[in-house]
Amino acid sequence: MTREQIVENKIQILKDFLNKKGFKSTKQRNAIIEIFATLENQLNVEEIYKKVKRKVPNIGFATVYRTIKLLEKNGFAIRSHLGDGFSRFEPEFNQKNRLLFQCTECHTHHPVEDDELTYLFQTILEKKGIKFFAIKGEIKGMCEFCQKPLN
Ligand SMILES: [Zn+2]
């Protein structure tokens, strides 16, 4: 699949979901979905709203907010709190592992991917009879930069 097809698939998944939930397909809602499905970083609702507004100038903040909340409630949007008072969202389409490291000093964050960690979790959980699907969560710590002494 090309990148464009992957994006198209994601948009279609969200459209189908909203249709099933009884939401009519409107130009506004489609614009939200198209922007949201292609997000590559985490944005708060205000930032998503600004992006959508560029495509559909007459859209209301409440429409964007409600749509994102609906997606979150149904597992299509992952919310992160990064200590600055904003909730940020990003699209979620599969069960892949996702750990986010966040520095407690400067609040920088980046995803952590570690096969060893996955294997470790899997081993521990399977011993307890748990079928393992995915790891999702936050890791708190101090980044390399913040650990350096000031001088
Ligand atoms: Zn830091």
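**Touring the helix pairs**

Start with α1 and α2, which are therefore oblique to each other (oblique is what remains once angles under 35 degrees are called roughly parallel, over 145 roughly antiparallel and 65 to 115 roughly perpendicular). You're looking at a predicted model, where local features need pLDDT of at least 70 and side-chain atom pairs count only at pLDDT 80 or more, while totals for chains, interfaces and linings use all residues. Residues are numbered from 1 along each chain as its sequence is written.

Select 3-20 for α1 and 27-37 for α2: the axes come within 9 Å and cross at roughly 135° (axes are lines fitted to C-alpha atoms over the stretch in contact, with angles from 0 to 180 degrees between N-to-C directions). Helices here are DSSP runs of H or I, at least four residues, numbered from the N terminus.

Now show Val7, Lys10, Ile11, Leu14, Lys15 and Leu18 in α1; they meet Arg29, Ile33, Glu34 and Ala37 in α2 (contact puts C-beta atoms, placed from the backbone, within 7 Å). By class, that's six nonpolar, no polar and four charged residues.

Next, select 45-55 (α3) and 61-73 (α4), which pack at about 120° with axes 9 Å apart. Color Val45, Ile48, Tyr49 and Val52 in α3, which meet Phe61, Val64, Tyr65 and Ile68 in α4. This contact has eight nonpolar, no polar and no charged residues.

Last stop: α5, residues 115-127. Zero of its 13 residues are buried, so α5 lies largely in the open (buried takes 20 or more other C-beta atoms within 10 Å of a residue's own). Step on to Gly129, which follows α5 and has a positive phi near 80°.

Methods. Helix = DSSP H or I, 4+ residues; strand = E, 2+ residues; numbered from the N terminus. Contact = placed C-beta atoms within 7 Å. Nonpolar A, V, L, I, M, F, W, Y, C, P; charged D, E, K, R; others polar. Expected span 1.5 Å × (residues − 1). Buried ≥ 20, exposed ≤ 12 C-beta atoms within 10 Å, placed from the backbone.
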